[in-house]
Amino acid sequence: MKAQEIFEQAMDLCALRGSDGDGEPMFPGDLQDLSVRAVGILNVLMGELHSLEERLTGKERPYSRIYGLEETVDLCEGICRCVLPYRLAAMLIAEEDGELYRVLLHHADEAAKGLLSHGIARRHNILEVYG
């Protein structure tokens, strides 16, 4: 999923996106700083959600990062659609609206728990440390 799509969903969650007369999505002009901040925040969130990604896919993989909103976020579809938009929206709105921040974060946590309940278990040997 493209980072731009995640950003647009986050803006929808914060009620910061409207539409023009033709039904095309439109952002207020002062959102330029949010889109710039979104790239860095998405990179931090991708790092935070890395272990959830490995748990869901059952595969170890290197950390990934993006350098612009036009790039693809290399995490599973469930994380990109259900967790990242809520977490990004929460981080972007945190200073302006503390109550909305908490609501968005709660939704993100619940979505992550829901995804985790369907994760792939991984077996590994246990190291015996006594005798």
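This is a predicted model: local features need pLDDT of at least 70, side-chain atom pairs count only at pLDDT 80 or more; totals for chains, interfaces and linings use all residues.

Q: OK. How many helices and strands are in the chain?
A: There are five helices and two strands. Going along the sequence, the pattern reads α-β-β-α-α-α-α.

Q: And what share of the chain is buried?
A: Of the 131 residues, 35% are buried.

Q: What comes after α1?
A: A15 follows the helix, and its phi is positive, near 60 degrees.

Q: Back to the packing. How do α1 and α4 sit?
A: Their axes are 8 Å apart and the packing angle is about 60 degrees. The crossing of α1 past α4 is right-handed.

Q: Which residues meet there?
A: From α1 you have I6, F7, Q9, A10, M11 and L13, and from α4 they meet C80, R81, L84, P85, Y86, L88, A89 and L92. By class, this contact of α1 with α4 comes out as 12 nonpolar, one polar and one charged.

Q: What about α1 on α2?
A: There the axes are 11 Å apart, at an angle of about 115 degrees. So α1 and α2 are roughly perpendicular to each other. α1 passes α2 in a right-handed crossing.

Q: Which side chains are in on that one?
A: A3, I6, F7 and M11 of α1 meet L34, S35, A38 and L42 of α2. The contact of α1 with α2 has seven nonpolar residues, one polar and no charged.

Q: That leaves α2 against α4. How do their axes cross?
A: They come within 10 Å and cross at roughly 125 degrees. That makes α2 and α4 oblique to each other, therefore not in the roughly perpendicular class, which stops at 115 degrees. The crossing of α2 past α4 is right-handed.

Q: And which residues make that contact?
A: On the α2 side they are L34, R37, A38, I41, L42, L45 and E48, and on the α4 side L84, R87, L88, M91 and L92. The contact of α2 with α4 splits into nine nonpolar, no polar and three charged residues.

Q: Switching topic: where is E53?
A: E53 lies in helix α3, residues 50-57.

Q: Is E53 buried or exposed?
A: E53 counts as buried, because its relative accessibility is 2% and the cut-off is under 20%.

Q: What does E53 touch?
A: Leaving out residues up to four places away in sequence, E53 touches R61, L75, C76 and I79.

Q: What about H50, where does that one sit?
A: H50 is in helix α3. At 8% relative accessibility, H50 counts as buried.

Q: And what are the contacts of H50?
A: H50 touches R61, P62 and Y63, again not counting residues up to four places away in sequence. R61 turns up in the list for E53 and in the list for H50.

Q: Last one, E110. Which helix is it in?
A: E110 is in helix α5, residues 98-116.

Q: How accessible is E110?
A: E110 has 39% relative accessibility, so it counts as partly exposed.

Q: How far is E110 from V83?
A: Their C-alpha atoms are separated by 8.7 Å, and the two residues are 27 residues apart along the chain.

Notes: Residues are numbered from 1 along each chain as its sequence is written. Side-chain values use heavy atoms; hydrogens and water are left out. Helices (H or I, at least four residues) and strands (E, at least two) are DSSP runs, numbered from the N terminus. Axes are lines fitted to C-alpha atoms, for helices over the stretch in contact, and angles run from 0 to 180 degrees between N-to-C directions. Angles under 35 degrees count as roughly parallel, over 145 as roughly antiparallel, 65 to 115 as roughly perpendicular and the rest as oblique. A crossing is left-handed if the near helix is turned anticlockwise from the far one by less than a right angle, and right-handed if clockwise. Contact means heavy atoms within 4.5 Å. Ala, Val, Leu, Ile, Met, Phe, Trp, Tyr, Cys and Pro count as nonpolar, Asp, Glu, Lys and Arg as charged, and the others, Gly among them, as polar. Buried means under 20% relative accessible area, exposed over 50%, partly exposed in between (1.4 Å probe, protein chains only).
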